[in-house]
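Visitor: I have a chain open and would like to go through it with you. Can you put it up?

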Amino acid sequence: MTATETIAAIATAQGRGALGVVRASGPGVPSLVEALTGTLPPARHASFRAFHSPDGEILDAGLLLYFPAPASYTGEHVCELHGHGNPVVLQALLQTMCKLGARLARPGEFSERAFRHGKLDLAQAEAVADLIESRSIRAARSALRTLKGEFSAHILAMVESVTRCRVAFEG
């Protein structure tokens, strides 16, 4: 894995649904978006677009979101294609992204990149997985508080307190 690789994955749960999301992150996202849709949309604005295969066939149509680096979840260029939630369509979009230069993301790799680029600390990155795996509303709320930085803020306050005590003791 290198920082120059663009990754892609289906971001919604398996199965059929009204909506499905395919996400990509990395330096190749702008050219990938242009190849899929013809143009790069305005940053952080939902644009309705047709999603094309490399030979020009329309694979699906839906919302396109583009987040240029560093103002994205991962700190890299990110795009999300919000299309129809048919697994065949989502796989076709993902395969097209891979034909255009992306590779399949490993589980948790988007959050890993967010951690590496300073968008999340380690506790927050782990909280993403905890939130996804929560089996109760209480567990989900706890993970969300950690994701928002509450746990890290408490740890930082404790470290600062210990540091002040050490300075007072050694001084």
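Visitor: Leaving aside neighbours within four places in sequence, which residues is E5 in contact with?
Guide: E5 is in contact with S25, G26, P27, R103 and R113, where contact means heavy atoms within 4.5 Å. This is a predicted model, in which local features need pLDDT of at least 70 and side-chain atom pairs count only at pLDDT 80 or more, while totals for chains, interfaces and linings use all residues. Residues are numbered from 1 along each chain as its sequence is written, and side-chain values use heavy atoms, with hydrogens and water left out.

Visitor: Where is E5 found?
Guide: In the segment before β1, which covers 7–10. Strands are DSSP runs of E with at least two residues, helices are runs of H or I with at least four, and both are numbered from the N terminus.

Visitor: How does E5 count in terms of accessibility?
Guide: Its relative accessibility is 24%, so E5 counts as partly exposed. Buried is under 20% relative accessible area, exposed is over 50%, and partly exposed is in between, with a 1.4 Å probe and protein chains only.

Visitor: On to α1. Which of its residues are buried?
Guide: Helix α1 spans residues 29–37, and V29, P30, L32, V33, L36 and T37 are buried there. They lie on the same side of α1, because they cover an arc of only 160° around the axis. That arc is taken from the directions from the helix axis to the C-beta atoms.

Visitor: What covers them?
Guide: The cover includes strands β2 (17–25), β3 (47–52), β4 (58–67) and β5 (78–85), as well as helix α2 (87–99).

Visitor: What comes just after α1?
Guide: G38, with a positive phi of about 100°.

Visitor: What does the C-alpha trace span?
Guide: About 70 × 35 × 30 Å along the principal axes.

Visitor: How much of the chain is buried?
Guide: Buried residues are 36% of the 171.
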